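Welcome! Here is a short tour for anyone meeting this structure for the first time. Have a look at the sequence and the model, then read on.

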Amino acid sequence: MSKGSNFFGQPIFSQMIGLLNKSKITALSKAHKSDHYCKRFSTFQHLITMVYGVTSGCNSLRELCGGIVSYGDKISHCKFDYSPKRSTISDANKRRDCIVFEDIYDGLVKAYLPNLSDSHKQLIIDKKVYAIDSTTIALFQPIFECVGTNPANGKRKGGIKSHQKLDMQAGIPVKVYHSNAREHDSLFIQKEGVIKKGEVALFDKAYNNYALFDQWNKEDIFFVTRLKNNAKETLLEEFELPKATPDTILRDAKIALKYKDTQGQEKQTELRLVSFYHQEKKAKF
């Protein structure tokens with residue numbers, strides 16, 4: 001089989017940037033007006049600059065600018081119009097709305113997701129399955145709000161919490177949201193468009209929101225999570241386990257969990273509770 005020559009002799013970064021459709025990015029920047037009052041450092045230039053910083057492992061704007069300058073005469077091969085200054089990148093990070101980059105990423109996911117291999121994640125289910133999780137990045141307290149209790153040394157750190165919706169088949173995030181570290185996890189799944197009808201969401205008990213679960217039941221949104229330790233459930237029905245059920249499945253029941261709506265009225269949502277034994281951890285869930 002002959003090898004393709006589309007990227008022959010090009011730097012790896014140049015090959016990555018070649019996957020970006022500049023005309024579509026320009027159209028999105030016009031729709032979001034992200035290039036207004038911008039002379040040279042356009043949305044496209046901003047995007048490839050930050051992609052270079054991530055792929056090169058740059059930890060500061062000084063490293064980022066120095067790395068771009070090191071390309072020398074080959075800078076045009078990587079789609080850079082010029083070498084931006086640190087102040088230019090800093091101002092663009094403050095001024096340019098992140099929504100335009102979110103739409104660019106959504107477009108890339110839709111364009112290239114069918115070409116990504118899903119052989120490593122074969123799920124026996126006829127619905128799209130997504131994992132919801134977050135991670136905290138520690139940063140400076142004067143910039144981002146603090147999280148957690150006061151440490152013994154009195155030094156508190158602020159941080160960013162990165163919330164992600166991960167496609168379990170493709171293994172890539174399809175939705176990313178950043179917030180202050182102190183923001184509760186459950187606020188992410190309440191945002192419009194994060195979980196859609198017919199999808200299956202997997203998340204930890206930190207995301208539990210009974211009012212939202214009740215709404216999802218009405219909208220045919222499926223989810224799997226763990227029951228909180230302090231949850232006060234009411235048993236509605238106990239199902240008999242079929243003979244073919246694996247020995248690790250201990251219980252299958254229908255329960256109700258109470259919550260208060262926005263008017264303070266007490267309501268309840270009906271959920272299915274499955275208990276199983278995890279052999280590796282030797283624990284019941």
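Strand 7 and strand 8 run antiparallel and are joined by 11 bridges. This is a predicted model, where local features need pLDDT of at least 70, side-chain atom pairs count only at pLDDT 80 or more, and totals for chains, interfaces and linings use all residues. Residues are numbered from 1 along each chain as its sequence is written, and side-chain values use heavy atoms, with hydrogens and water left out.

**Strands and hairpins**

- Helices (H or I, at least four residues) and strands (E, at least two) are DSSP runs, numbered from the N terminus, and two strands pair if DSSP finds at least two bridges between them.
- A253 has L273 in strand 8 as its bridge partner.
- Strand 7 and strand 8 make a hairpin with 5 residues between them, and G264 in that turn has a positive phi of about 85°.
- Strand 8 also runs antiparallel to strand 9 (residues 283–284), with 2 bridges joining them.
- In strand 9, A283 stands opposite H278.
- The hairpin of strand 8 and strand 9 has 4 residues between the strands, and K282 in the turn shows a positive phi of about 55°.

**L257 in strand 7**

- L257 is found in strand 7 and counts as buried at 2% relative accessibility; buried means under 20% relative accessible area, exposed over 50%, and partly exposed in between (1.4 Å probe, protein chains only).
- Not counting residues up to four places away in sequence, L257 touches several residues, including Y210, L227, A231 and L271; contact means heavy atoms within 4.5 Å.
- L257 and T234 are 23 residues apart in sequence, and their C-alpha atoms are 6.6 Å apart in space.

**Helix 8**

- Helix 8 (residues 210–218) has Y210, L212, F213, D214 and W216 as buried residues.
- Helix 7 (186–189), strand 5 (222–224), strand 7 (249–260) and strand 8 (266–278) are among the elements that cover them.
- At the start of helix 8, a side-chain oxygen of N209 comes to within 3.3 Å of the backbone nitrogen of A211.
- Just after helix 8, D220 takes a positive phi of about 60°.

**The nonpolar cores**

- A nonpolar core is a set of buried Ala, Val, Leu, Ile, Met, Phe, Trp, Tyr and Cys residues joined through side-chain atoms within 4.5 Å.
- The largest one has 21 residues, and F13, L20, I48, Y52 and F80 touch the most other members.
- Two or more residues each come from helix 1 (12–17), helix 3 (43–55), helix 4 (61–69), helix 5 (86–95) and helix 6 (99–112).
- Helix 3 gives the largest share of this core, 4 residues.
- Leaving aside neighbours within four places in sequence, I48 is in contact with F13, I17, L20, C78, K79 and F80.
- A second, separate core of 20 residues includes I132, I195, L257 and Y259.

**Q45 and the cysteines**

- Q45 is found in helix 3 and is buried, with a relative accessible area of 1%.
- The side chain of Q45 reaches the backbone oxygen of K79 at 2.9 Å.
- Beyond residues up to four places away in sequence, Q45 touches R40, K79, F80 and D81.
- The structure holds 0 disulfides; a disulfide is a pair of cysteine sulfur atoms within 2.5 Å.
- For C58, the nearest cysteine sulfur is that of C65, 9.0 Å away.
- C58 is partly exposed, with a relative accessible area of 23%, whereas C78 counts as buried at 0% relative accessibility.

Definitions and conventions
Polar contact = N/O pair within 3.5 Å; in protein donor to acceptor, adjacent residues only side chain to side chain.
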